Amino acid sequence: MAGLQNGSAPSRTNGAAPNELETLCRNLKAKVDVFLDTPTDDELLKSVKNQIIIARGVIDEALRRYRPDELSLSYNGGKDCLVLLILILASLPSSACLQTSSSSSTSTTQTSPPLQQPPSSSASSSEPPPFPNQLQALYIRPTLPFAEVDDFVAETTAVYHLDLTTSGLAMKPALTEYLKERPNVKAVFVGTRRTDPHGADLTFFDETDAGWPRFMRVHPVIDWHYREVWGFIRALDIRYCPLYDMGYTSLGGTDDTHPNPALKEDDKTHRVDGQHFRPAYELIEDREERLGRDR
């Protein structure tokens with residue numbers, strides 16, 4: 001793992017497959033399964049494996065409670081929601097609550113319809129919904145975004161088949177508008193971790209607070225540590241936003257986000273404003289993660 005740099009994105013399919021997202025999800029599931037099944041003496045990778053198993057359980061429970069058109073992902077291209085995205089996609093093929101191409105081929109050759117399906121409250125209906133073609137997601141864009149983040153969000157939206165809505169509003173009005181446009185959405189996957197602001201008391205499933213738009217927040221990676229996030233990304237060779245290689249460890253806007261001073265070096269690695277910084281994955285302590293943020 002020591003010599004691995006920024007990972008690779010999955011190759012894009014050419015439209016020949018009946019459902020490109022399902023193909024991608026099966027490939028990601030195989031990648032995660034290989035990682036889980038590969039023995040290791042590395043204590044970090046052992047803890048990453050345990051966290052994957054827990055996160056998958058939370059995702060599976062969300063898929064039991066909600067149909068695909070009732071689920072969305074809060075996505076801004078950051079490391080935490082990137083890990084969450086990969087885990088969601090890798091969990092879809094094994095969900096008993098979705099009708100995969102293999103399970104439906106015995107009864108029909110019809111391809112899967114788009115994600116926006118007729119409204120239904122039944123995650124418990126007799127016939128499971130078809131495998132989605134896209135995953136709904138919301139990008140709440142900072143007032144002054146990094147070009148690198150916008151580019152990475154656009155790239156991963158295409159690669160991972162996201163049905164992405166971008167909003168320049170503040171969080172509360174952005175969510176209000178999004179739920180007006182997507183009234184089917186009842187739950188949102190969020191990549192918040194325990195050490196994030198307002199993350200200390202969260203559980204795997206939390207209704208939004210009073211005064212906020214009503215939906216269920218789902219936090220599969222809430223108990224992941226900083227090193228485990230990077231352990232997952234690097235072990236699975238996942239492509240990530242290039243700002244992380246420049247010493248940024250927590251991403252916001254250009255007005256409140258700087259390279260982490262804990263990663264500053266004098267004579268090598270990546271240069272920002274005449275200073276040198278080691279890559280984000282070399283940081284160890286959770287408590288130092290946000291030293292590059294003004295808020």
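## Basis of the model

The model is predicted, so local features need pLDDT of at least 70 and side-chain atom pairs count only at pLDDT 80 or more, while totals for chains, interfaces and linings use all residues. Residues are numbered from 1 along each chain as its sequence is written, and side-chain values use heavy atoms, with hydrogens and water left out.

Two packed helices are described by the angle between their axes and the distance between the axes. Axes are lines fitted to C-alpha atoms, for helices over the stretch in contact, and angles run from 0 to 180 degrees between N-to-C directions. Helices (H or I, at least four residues) and strands (E, at least two) are DSSP runs, numbered from the N terminus.

Helix α3 (residues 79-91) packs on helix α7 (residues 226-235) at about 50 degrees, with the axes 10 Å apart. That makes α3 oblique to α7; angles under 35 degrees count as roughly parallel, over 145 as roughly antiparallel, 65 to 115 as roughly perpendicular and the rest as oblique. Contact means heavy atoms within 4.5 Å. K79, D80, V83, I86 and L87 of α3 meet Y226, V229, W230, F232 and I233 of α7. By class, this contact has eight nonpolar, no polar and two charged residues. Ala, Val, Leu, Ile, Met, Phe, Trp, Tyr, Cys and Pro count as nonpolar, Asp, Glu, Lys and Arg as charged, and the others, Gly among them, as polar.

Helix α2 (residues 43-65) also meets α7, with axes that come within 9 Å and cross at roughly 90 degrees. That makes α2 roughly perpendicular to α7. On α2, the contact uses L44, L45, S47, V48, Q51 and I52; on α7, R227, E228, G231, F232 and A235. Six of these residues are nonpolar, three polar and two charged.

## Helix α2 against α3

The axes of α2 and α3 come within 10 Å and cross at roughly 65 degrees. I52, A55, R56, I59, D60 and L63 in α2 touch L84, L87, I88, A90 and S91 in α3. The contact has eight nonpolar, one polar and two charged residues.

## Pocket and cavities

On a 1 Å grid over the protein atoms alone, a cavity is a set of points where a 1.4 Å probe fits but cannot get out, and a pocket is an open set with protein on both sides within 12 Å along at least five of seven lines; lining residues have an atom within 4 Å of a point. Grid points are joined across faces, edges and corners, and a volume is the space filled by probe spheres set on the points.

The largest pocket holds about 1600 Å³ of space. Of its 49 lining residues, S74, N76, M171, V190 and T192 are the closest to its centre. The lining has 22 nonpolar, 15 polar and 12 charged residues.

There are two cavities of 30 Å³ or more. The largest cavity holds about 70 Å³. Its lining has 10 residues, with L63, P68, L71, L92 and L135 nearest its centre.
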